[in-house]
Amino acid sequence: MSSTEPSRANALEVLGEYRGLVFVDKPAGLQTEPDARHTDTLVHRVAAQLGVSLERVHALSRLDTAVSGVVTLGLTSDARRLVGDWRARGRFRRRYLAIASGEITERSGTWSECIGRGSGNLRQVGGRNPDAAQTDFAWVLSTPSFARANPKQLHLLALAPKTGRTHQLRVHASAHGLPLLGDRAYGGVARLTSITGSVRELARIALHAAWVELPLDEPRRIEAPVPQALLEAWRDFSGDHEAFRAASELVLGA
């Protein structure tokens, strides 16, 4: 193996390719793009894995470091324009699955609060220099409520962003009383006590980019499997694992 090739442990799963686009499954804990402090990033690994220069790999969707799932990358200017056109016409559909605590007050709809800058690198509803933000959401299923558990109950949400603001899904969910598990920055619980009393530290945010759909003559869906850490946390609270498939297939924004 050459020094530029990723090790087997660092290799990413390529979920699909189309006309210069590459779709990969990003694990939680891996930063999408490099900065002054990080050079082991998703774009670095993809470039090495595909044997192309780093300059050719452009992330066309970005997931926060603690979030997992499908990331779309463009290797050519034509590929980048293609996704830009799909987005401009509202045809690049995405689905996220999230586990939250709190209280369900609405079963479905659209969160449309503007999002601006908060303290440090955080965002908040309103905030400084706010931008329009829209998220279609639906409650899918809740676990039973147990007095000895912490949180007492979990909720599975299906989310579809219509805009792409920084931390949008996390901010919108928290603002509506449904902070995501593991999302300490926005009020989420990271230390979970299950119905049996066992304790789990969730070292990630319970948010997963489950699929993107290419608006072709026959729409093509690129899917990333739900990570084991999220399935296990859900099962700890007697959640039905089939709910994740239902959340993935649910029609939002109808």
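The model is predicted, so local features need pLDDT of at least 70 and side-chain atom pairs count only at pLDDT 80 or more, while totals for chains, interfaces and linings use all residues. Residues are numbered from 1 along each chain as its sequence is written, and side-chain values use heavy atoms, with hydrogens and water left out.

**Helix α1 and valine 43**

Let's start with valine 43, which lies in helix α1, residues 42–50. Helices (H or I, at least four residues) and strands (E, at least two) are DSSP runs, numbered from the N terminus. With a relative accessible area of 4%, valine 43 is buried; buried means under 20% relative accessible area, exposed over 50%, and partly exposed in between (1.4 Å probe, protein chains only). Within α1, the buried residues are Leu42, Val43, Arg45, Val46 and Ala47.

What does valine 43 touch, leaving aside its neighbours within four places in sequence? Its contacts (heavy atoms within 4.5 Å) are Thr32, Glu33, Pro34, Leu54, Val57, Ala59 and Leu73. Glutamate 55, twelve residues away from valine 43 in sequence, sits 9.4 Å from it, C-alpha to C-alpha. The cover over the buried residues of α1 includes β2 (21–26), β3 (58–59) and β4 (68–74).

Strand β1 (residues 13–18) pairs with β2 in the antiparallel sense, over five bridges; two strands pair if DSSP finds at least two bridges between them. Across this pairing, valine 14 stands opposite valine 24 in β2. The hairpin has two residues between its strands, and arginine 19 takes a positive phi there.

**Backbone angles worth a look**

| Residue | Phi |
|---|---|
| Arginine 19 | near 45° |
| Histidine 167 | near 60° |
| Serine 238 | about 65° |

Histidine 167 is found in the loop between β11 and α3 (168–175). Is histidine 167 buried or exposed? It counts as buried, at 15% relative accessibility. Serine 238 belongs to the loop between α4 (228–236) and α5 (243–249), and is partly exposed, with a relative accessible area of 38%.

Finally, a peptide bond to look for: asparagine 150 and proline 151 are joined in the cis form, with omega about -5°. Proline 151 lies in the loop between β10 (135–142) and β11 (155–161).
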